[in-house]
Amino acid sequence: MDYTRLGTTGLQVSRVCLGMMSYGDPARQEWALPQDQAEPIIRRAADAGVTFFDTADVYSEGESEVVTGNVLRGIFPRREDYVLATKVYFPMSKRVNDRGLSRKHIHAAIDDSLRRLGTDHVDLYQTHRWDDETPIEETMEALHEVVKAGKARYIGASSMWAWQFAKAQHAAESNGWTKFVSMQNHYNLLYREEEREMLPLCADQGVGVIPWSPLARGVLARAGAATATARTGSDERIDALYDPENDKLILDRVAKVAADRELPAAQVALAWLLHQPGVTAPIVGATKNRHVDDAVAAVSVTLSESELAFLQELYRPREVRF
């Protein structure tokens, strides 16, 4: 495993981040694995050198954080041995203040997340989406308070327009508050709209990029195959984010490079992403040991300039989708 700094911070993270949305309560999220099934997969990742783990309060309605905390405490002898990230924004109940990025909810949510995770701090606390109903100054000051209280070491953001991200950073800088150090955005071979504004902004500002859905929710991993999974039948977001007909030409090219290199398609797709400027660590979900193995192996896969060009040549602009 290789390691790198998250943006311009001094924080070292593995080049692969294990996404914990796949673990939690199957009754709340059909394709989620319960703790006893999740633990061997998470341990396999840790044994391979993965030290960066990302979850969110909303995953399995909090159960993902419970599983994440329980398993990581059992694997790593010290809290300092791994980097733990979680997120806040989406509704956690029907209560009107149990959502969004208000000061009230941020302070309540971080305490709830820490309780479920069984720790006194997270390394990276991220806004899961932009909140149109809360002034950005209120949000950024509240996040600064969380950092100063020692409950988070750094803060990050996820999917938003580049102008919104710039506005948030400006609000923090103008008031001497903590700024975002990372952007968790939607980025893969089938969705590259982030290359227009967000990625150049992050590169200019020294912000680390940790893409979600690097394998397009598993679609890229199945390039060249017709097999379905439990997730394909229950994850409505796959149909909302991707179009099998329009994406087929790109998937065929992934399959071609994979066949020529005698590699799984997942390794090729992840290797392409790891070659992109500014990308710190893709957030990879894993429900089988081979998913971990492919992600770790992708770090060592070097693609030629001609292979990179071949993979990305047929991409066409599409609707921005967060």
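Student: How many bridges join strand E4 to strand E5, and do the two run parallel or antiparallel?

Tutor: Strands of a sheet pair through backbone hydrogen bonds, either parallel or antiparallel. Here strand E4 (residues 52-54) and strand E5 (residues 83-88) run parallel and are joined by three bridges, where pairing requires that DSSP finds at least two bridges between two strands, and Phe 52 has Val 83 in E5 as its bridge partner. Helices (H or I, at least four residues) and strands (E, at least two) are DSSP runs numbered from the N terminus. This is a predicted model, in which local features need pLDDT of at least 70 and side-chain atom pairs count only at pLDDT 80 or more, while totals for chains, interfaces and linings use all residues. Residues are numbered from 1 along each chain as its sequence is written, and side-chain values use heavy atoms, with hydrogens and water left out.

Student: What is the order of the strands in the open sheet, and which are its edge strands?

Tutor: The eight strands are ordered E9-E8-E7-E6-E5-E4-E3-E10, with parallel pairing; the edge strands, E9 (208-209) and E10 (283-285), each pair on one side only.

Student: How many disulfides are found in the whole structure?

Tutor: A disulfide is a covalent bond between the sulfur atoms of two cysteines, counted here when the two sulfur atoms are within 2.5 Å. A search of the whole structure finds zero: for Cys 17 the nearest cysteine sulfur, that of Cys 202, is 16 Å away.

Student: Is Cys 17 buried or exposed?

Tutor: Cys 17 is buried, because its relative accessible area is 0%, where buried means under 20%, exposed over 50%, and partly exposed in between (1.4 Å probe, protein chains only). Cys 202, at 1% relative accessibility, also counts as buried.
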